Amino acid sequence: MLDQEGLCKSIAVPSRLYAKESQQHPLAGARISVKDNFKLAGIKTVMTNRTFTQLYPVESETAEYVKTLLRLGAVIVGKSKMCSFAAGENPGDWIDFQCPFNPRGDQYQNPGSSTTGGGASLAGYPWLDYSIGTD
């Protein structure tokens with residue numbers, strides 16, 4: 001997951017004790033990560049590029065799609081890594097950040113493509129319900 005500055009950070013897992021599904025909130029308590037090319041107010045969108053962490057400020061608004069998820073009761077737990085600018089790099093081609101590890105890989109499978117962080121996070125964190133990507 002990425003922190004406010006667009007760098008890696010650990011997160012606390014939100015409790016589901018206070019979330020009750022309803023017709024208005026069918027995603028109540030669902031823990032979701034979003035790819036680093038979606039805007040989240042208060043968090044930088046850096047597209048997994050180290051230069052962007054210094055060039056661009058913290059976002060002042062949230063993407064409409066993410067707002068919809070929030071209105072439906074989802075809990076956004078953070079942003080997941082992606083290939084720099086969603087270019088679909090192979091893990092050995094990552095320069096600014098380390099490619100996420102594939103927890104289900106057999107040393108022959110790698111977490112390639114641009115939503116690599118979303119796939120790896122779902123495989124590695126059983127408490128994560130969904131990860132939003134763009135592939």
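1. Of the 135 residues in the chain, 41% count as buried, where buried means under 20% relative accessible area, exposed means over 50%, and partly exposed lies in between (1.4 Å probe, protein chains only). The model is a predicted one, in which local features need pLDDT of at least 70 and side-chain atom pairs count only at pLDDT 80 or more, while totals for chains, interfaces and linings use all residues. Residues are numbered from 1 along each chain as its sequence is written, and side-chain values use heavy atoms, with hydrogens and water left out.

2. On the overall fold, the chain has three helices and three strands, and these follow the pattern β-α-α-β-α-β along the sequence; helices (H or I, at least four residues) and strands (E, at least two) are DSSP runs numbered from the N terminus. The radius of gyration, taken over C-alpha atoms, is 15 Å, close to the 14 Å that the globule rule gives for 135 residues, so the chain is as compact as a globular protein of that length; the rule is 2.2 Å times the number of residues to the power 0.38.

3. Among contacts with a separation of 6 or more, 62% are between residues 24 or more positions apart, contact meaning heavy atoms within 4.5 Å. The accessible surface of the chain comes to about 7900 Å², with 51% of it belonging to carbon and sulfur atoms; these areas come from the Shrake-Rupley method with a 1.4 Å probe, and for residues only the protein chains shown count as cover.

4. The largest nonpolar core has 10 residues, including Ile32, Val34, Phe38, Val66 and Ile132; such a core is a set of buried Ala, Val, Leu, Ile, Met, Phe, Trp, Tyr and Cys residues joined through side-chain atoms within 4.5 Å. The elements giving two or more residues to this core are S1 and helix H2 (64-71). Beyond its neighbours within four places in sequence, Phe38 is in contact with residues including Ala63, Val66, Lys79 and Ile132.

5. The structure holds three salt bridges, each defined by a side-chain nitrogen of Lys or Arg within 4 Å of a carboxyl oxygen of Asp or Glu. One of them joins Asp36 to Lys79, with the closest N and O atoms 3.4 Å apart; Asp36 is in the loop between S1 and H1 and Lys79 is in strand S2 (residues 75-80), so that the pair links distant parts of the chain, 43 residues apart. Asp36 and Lys79 are both buried.

6. Glu59 and Lys39 also meet in a salt bridge (4.0 Å, N to O). Glu59 lies in the loop between H1 and H2 and Lys39 in the loop between S1 and H1, so the pair ties together parts that are 20 residues apart in sequence. Glu59 counts as buried at 17% relative accessibility, whereas Lys39 is partly exposed at 36%.

7. A further salt bridge, between Lys67 and Glu64, has its closest N and O atoms 3.2 Å apart. Lys67 and Glu64 are three residues apart in helix H2 and are therefore separated by about one helical turn. Lys67 is partly exposed at 30% relative accessibility, and Glu64 is exposed at 52%.

8. A search of the whole structure finds three aromatic pairs. In one of them, the rings of Phe52 and Tyr56 have centres 4.7 Å apart and planes at 55°, so the pair is tilted; rings of Phe, Tyr and Trp (its six-membered ring) pair if their centres lie within 6.5 Å, and planes under 30 degrees apart count as stacked, over 60 as edge-to-face and the rest as tilted. Phe52 is buried at 18% relative accessible area, whereas Tyr56 is partly exposed at 42%.
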